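Here is a briefing on one protein chain. Keep the sequence and the 3D view open while you read.

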Amino acid sequence: AAIDAGGSPLRAVFHAAGVVADQAPFRDAAPADLARAFTGKVRGAEVLDALLGDRPLDAFVLCSSIASVWGAGRQASYAAANAYLDGVGRRRRAAGRTATVINWGPWAGAGMAAASDTAANLARLGLRPLPADHMLRGLEHALAAGADHLVIAAVEWERFRALYESERPRPLLAELPLAGDVMLTLA
């Protein structure tokens, strides 16, 4: 209301909250881990969606994670919270509202994956951090194209697929070309 009263109406919202709450497989995750992961991601998205309702916006961007697309081994609560964001985006679109979900890969030099042990683990899996300018160009592309749901990540596909598919076939990646930086439209 204060923004609107200032003569410049609110036109865009970016929900970028998040916290990595667990470092355990799902079977070992505690309810407190799930609650902590959901507090910023889920409650924040629900509050913004409820407050803005049918308000016309140029953008309502939900910053999700690649964890909700293909999982995140020892981050079950984090993956679930991000999957919920993906659902909020779908629900908004189904109701005729603006929504763009970006499932980000790791950012170089900053962000939740910047800790040295996290970055090293992701690199071992074939997930390279992308510089901020690459990430922001991906965001610009997503908004200009009116994308509903986009993955922006730098993946060393041969390494990633070998590990991802080591226990069983995974149809999710079966038809993806083996490429470097990827922007994958999901919906």
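Helix α2 passes α4 in a right-handed crossing. The model is predicted.

**How α2 and α4 pack**

- The axes of α2 and α4 lie 8 Å apart, at an angle of about 15°.
- That angle is under 35 degrees, so α2 counts as roughly parallel to α4.
- On the α2 side, the contact is made by D33, L34, A37, F38, K41, V42, A45, E46 and D49.
- On the α4 side, the partners are S77, Y78, A80, A81, N82, Y84, L85, V88, R91 and R92.

**Helix α2**

- Helix α2 runs over residues 31-52 and has 22 residues.
- From first C-alpha to last, α2 reaches 30 Å, close to the 32 Å expected at 1.5 Å a residue.
- A bend of about 50° occurs in α2 at F38.
- F38 is also among the α2 residues that meet α4.
- The buried residues of α2 are A37, K41, V42, A45, D49 and L52.
- These buried residues pack against β1 (12-15), β2 and α4 (76-94).

**Helix α4**

- Helix α4 has 19 residues.
- Its reach from first C-alpha to last is 27 Å, close to the 27 Å expected at 1.5 Å a residue.
- Buried in α4 are A76, S77, Y78, A79, A81, N82, L85, D86, V88, G89 and R92.
- The buried residues of α4 pack against three strands named with their ranges or numbers elsewhere here, including β1 and β2.
- Their packing partners also include α2, α3 (67-70), β3 (100-104) and β5 (149-155).

- Not counting residues up to four places away in sequence, F60 touches V13, A45, L48, D49, L52, R92, T98, A99 and T100.
- A45, D49 and L52 in that set are among the buried residues of α2.
- R92, also touched by F60, is one of the buried residues of α4.
- The C-alpha atoms of F60 and H15 are 7.8 Å apart, while the two residues are 45 residues apart along the chain.
- S65 also sits in strand β2, which covers residues 59-65.
- S65 has 6% relative accessibility and therefore counts as buried.
- Leaving aside neighbours within four places in sequence, S65 contacts Y78, N82, I102, N103 and W104.
- Y78 and N82 are among the buried residues of α4.

**Helix α5: A123**

- A123 lies in helix α5, residues 116-125.
- A123 is partly exposed, because its relative accessible area is 34%.
- A123 and R159 are 36 residues apart along the chain, and their C-alpha atoms are separated by 9.7 Å.

**The whole chain**

- The chain has 7 helices and 6 strands.
- Along the sequence, the pattern reads α-β-α-β-α-α-β-α-β-α-β-α-β.
- Of the 187 residues in the chain, 38% are buried.
- Among contacts with a separation of 6 or more, 72% join residues 24 or more positions apart.

Conventions. Residues numbered from 1 in each chain as written. Predicted model: local features only at pLDDT ≥ 70, side-chain atom pairs only at ≥ 80, totals over all residues. Heavy atoms only, no water. Helix = DSSP H or I, 4+ residues; strand = E, 2+ residues; numbered from the N terminus. Buried < 20%, exposed > 50% of the residue type's maximum accessible area, 1.4 Å probe, protein only. Contact = heavy atoms within 4.5 Å. Expected span 1.5 Å × (residues − 1). Bend = angle between axes of the 7 residues up to and from the residue. Axes fitted to C-alpha atoms, helices over the stretch in contact; angles between N-to-C directions. Parallel < 35°, antiparallel > 145°, perpendicular 65-115°, else oblique. Left-handed = near helix turned anticlockwise from the far one by under 90°.
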